[in-house]
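Here is a short report on one protein chain. Keep the viewer open and follow along.

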Amino acid sequence: MFPDTDVAKIGSGPGAGKIGSPDAQDVVYFVFGLYWNRLSSLQRSLLCMTILFGTLAGVYFLPNLYHSYKSIEELDNLSQNVDRHNDNPVVAPLGPERDKKYSNKVAPELGDHGEGRNEFGKKRTDFPFKRGPPALVDRKQRNDGKIDAGGSLHPPVKRQSDKVHLKFEGQLDDFSSSVVRVLHCKPPGCEVNEKQQAVIGAFRHSWSAYKKYAWGHDQLKPLSKSYEEWFGVGLTLLDALDTMYIMNLQDEFSEAREWIEKSLTFDISRDVNLFECTIRVLGGLLSAYHLSQDSLFLTKAKDVADRMMPAFNTNSGVPFSDVNLKTGKAHAPRWGPDSSTSEVTTIQLEFRDLSHVTGDPKYKISMVLSRLISLRPQDAVDAVTQHIHKQPKKDGLVPIFINASTGRFRASSTITMGARGDSYYEYLLKMWIQSGKTDLLIKQDYIDAIEGMKKHLLRESEPSKLLYVGELLGSQTFSPKMDHLVCYLGGTLVLGAQNGLPADHMEIGKRLTNTCVEMYLRMPTGLSPEIVYFNTMEGGKEDIIVKPADTHNLERPETVESLFYLYRITGDPIYREWGWRIFQSFEKYTRLPEGYSSINNVQSPTSPGFRNKMESFWLGETLKYFFLLFSDDPDLIPLDKYVFNTEAHPLPIFSDD
């Protein structure tokens with residue numbers, strides 16, 4: 001077996017047979033050398049390279065995977081150990097009583113934020129920043145700008161005009177007190193009612209946690225009491241500005257303004273998504289300016305808009321999806337050559353408004369195909385809208401991907417009113433309204449799209465005949481899948497009907513909103529999943545089917561948005577009743593002792609599983625629409641004076657005044 005070797009002498013010493021003893025090592029070395037000598041030079045090189053790369057990969061990935069696994073495991077344990085009552089899924093205890101009850105069930109507070117500790121106070125290793133969605137961003141915390149929550153309000157004034165006869169079970173938060181008046185509203189008639197007070201309480205509970213653990217950063221991680229960065233511009237703060245103004249939270253609004261004045265800078269080398277930065281940051285600043293008339297917000301809006309302008313430097317007129325705020329370098333998304341159709345067509349309200357309010361046409365001219373069309377500058381629509389208008393469509397419907405370099409749709413991509421397609425259709429209507437109903441080209445594109453939706457996407461479920469909007473996979477094959485994102489459509493259709501568009505839009509909008517409410521009420525938690533499928537087979541028992549990967553809830557606003565439009569336009573109290581039930585479910589299943597969190601499983605009231613993330617749109621959209629839904633004042637952001645962008649930031653309708 002071992003040529004020219006006395007086997008009996010190998011391993012015959014006192015340590016024979018023990019791994020690590022000199023004699024055992026002799027055997028290992030001999031065997032390794034024997035087989036090594038039989039390998040060719042190429043095989044040896046490949047083996048060495050494999051060992052080297054395997055070692056490097058292990059050093060790099062294994063610690064990161066270990067920490068990720070431990071964090072997920074501990075977060076899951078925390079979320080499953082929270083004690084919950086399941087006797088009534090739509091009634092929640094509020095305020096200090098709930099916070100005290102669950103105060104010992106969450107992750108311990110961090111120590112010094114500068115000590116390099118992870119979410120649970122343990123020493124961690126800092127790894128390189130990896131670009132990607134916010135959920136993948138893990139930045140080292142700093143101890144700058146930590147501010148304690150404070151301030152208080154007085155008990156609410158109950159109004160006879162509040163027609164919702166649902167008992168508010170549980171107590172209001174301590175800070176829910178006295179009469180609050182909207183800043184631009186004069187008495188009488190400006191007092192908020194009890195349900196609005198509850199929404200204010202939810203906002204302040206969210207805000208105080210954001211101030212304490214994520215001040216000046218993009219989004220709060222409420223379980224681990226830390227934060228995550230996406231754009232690095234205080235996204236939650238900017239998204240919530242107009243909500244605070246509308247709710248008359250003067251102290252919170254003032255401290256946010258102070259941070260913007262002293263600390264906010266866009267001079268950072270960071271790639272941002274043009275669409276998200278436009279609707280959240282630019283839209284939030286413009287809305288705050290219009291409501292408060294504070295020029296600081298307009299100055300900041302111009303700054304960030306100027307930094308995003310290079311994204312429009314394309315041959316097609318269709319902007320790139322991403323742009324660096326410092327260098328101005330723009331590019332297609334990292335994951336592929338095509339942009340989402342909704343992203344490149346959901347920026348016009350904001351840039352048009354900026355040109356209108358500043359008198360500087362560059363924000364609009366940058367998107368105008370005046371070099372390609374024989375229209376006077378004032379008659380030309382923006383380049384993206386004009387370009388999309390000329391592209392071939394399926395009865396007004398568009399695929400969800402478009403290439404910024406060629407300006408062409410990816411013909412084989414899905415057609416949907418949901419993710420990556422939704423706000424294209426929303427902005428067709430709202431650009432027409434914003435223009436003072438003068439842009440007839442956009443109006444016709446919207447009407448054509450709704451007719452295409454009725455022909456290709458609108459169906460009824462079995463057995464309850466719920467009206468829903470499906471998808472066309474590959475632009476051809478129908479799928480009964482509907483995102484929660486589609487729930488904006490009911491309100492949009494009703495808004496269009498209110499502005500003189502076909503009367504059947506009103507009925508379709510009502511039925512779609514009813515379906516979206518059913519997506520909440522049929523779940524054990526009273527909260528909707530992110531995606532549902534509808535039963536199309538006769539004889540089936542359940543209309544709504546939820547796949548395991550789609551059970552999460554991100555505290556999205558779309559259903560509440562539609563309820564707001566329907567109540568404001570029809571005056572039917574059922575929409576406020578539905579909204580109140582949804583609000584109480586959010587209170588029961590997403591509220592934490594500090595802040596709120598999206599959840600993993602709406603079908604498990606005993607173990608919903610917190611995702612450790614409070615989205616900026618929870619404060620910027622969802623709570624704002626709840627507050628407006630419960631308002632007794634029809635002149636609070638009147639729909640004949642303002643149009644809401646897709647992030648719920650109200651912008652003025654253009655007029656000749």
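Leaving aside neighbours within four places in sequence, which residues is D422 in contact with? The model is a predicted one. In it, D422 is in contact with S342, M417, L485 and Y488, once those sequence neighbours are set aside.

**Annotated positions**

The unreviewed UniProt entry lists E276, D422, E530 and E558 under "active site". That label comes from the record and may be inferred rather than shown by experiment.

Two of these positions are described here: D422 and E558. D422 is in helix 14, which covers residues 422–434. E558 is in helix 18, residues 558–570. Is E558 buried or exposed? The relative accessibility of E558 is 9%, so E558 counts as buried. D422 is buried as well, at 14% relative accessible area. The cut-off for buried is under 20%.

E558 touches H484, L485, C487 and Y488, not counting residues up to four places away in sequence. One of the E558 contacts is polar: the side chains of E558 and H484 are joined at 3.1 Å.

**The chain as a whole**

The protein chain has 20 helices and 16 strands. Of its 657 residues, 57% are buried. The chain exposes about 27700 Å², and carbon and sulfur atoms supply 52% of that area. Take the contacts between residues at least 6 apart in sequence: 69% of them join residues at least 24 apart.

Y245 is in helix 6. Y245 counts as buried, at 10% relative accessibility.

**Helix 7 and its cover**

Helix 7 runs over residues 250–262 and has 13 residues. From first C-alpha to last, helix 7 reaches 18 Å, close to the 18 Å expected at 1.5 Å a residue.

Which residues of helix 7 are buried? They are E252, F253, E255, A256, W259 and I260. Seen down the axis of helix 7, these buried residues fall within an arc of 165°, so they line one face of the helix. An α-helix has 3.6 residues a turn, so residues three or four places apart point the same way.

On the other side of helix 7, D251 and K262 are exposed. What covers the buried residues of helix 7 includes helix 4 (194–214), helix 5 (235–239) and helix 6 (241–246). Helix 8 (274–292) and helix 9 (295–308) are also among the cover.

Helix 11, residues 348–358, is mostly covered: eight of its eleven residues are buried. Those buried in helix 11 are Q348, L349, E350, F351, R352, D353, L354 and S355. Just after helix 11 comes G359, with a positive phi of about 75°.

Strand 4 covers residues 322–324 and contains D322. D322 counts as buried, at 5% relative accessibility. The side chain of D322 makes a polar contact of 2.6 Å with the side chain of S321.

**Backbone details in two loops**

Two loops deserve a look at the backbone angles. The loop between strand 8 (458–460) and strand 9 (467–469) holds P463. The peptide bond from E462 to P463 is cis, with omega near 5°. K465 lies in the loop between strand 8 and strand 9 too. S475 lies in the loop between strand 10 (471–473) and strand 11 (477–479). K465 and S475 both have a positive phi in a residue other than glycine.

| Residue | Phi | Relative accessible area | State |
|---|---|---|---|
| K465 | near 60° | 40% | partly exposed |
| S475 | near 65° | 6% | buried |

How do the two residues sit against the solvent cover? K465 is partly exposed at 40%, whereas S475 is buried at 6%.

Technical notes
Residues numbered from 1 in each chain as written. Predicted model: local features only at pLDDT ≥ 70, side-chain atom pairs only at ≥ 80, totals over all residues. Heavy atoms only, no water. Helix = DSSP H or I, 4+ residues; strand = E, 2+ residues; numbered from the N terminus. Expected span 1.5 Å × (residues − 1). Buried < 20%, exposed > 50% of the residue type's maximum accessible area, 1.4 Å probe, protein only. Arc of directions from axis to C-beta. Contact = heavy atoms within 4.5 Å. Areas by Shrake-Rupley, 256 points an atom, 1.4 Å probe, with all protein chains shown as cover. Polar contact = N/O pair within 3.5 Å; in protein donor to acceptor, adjacent residues only side chain to side chain.
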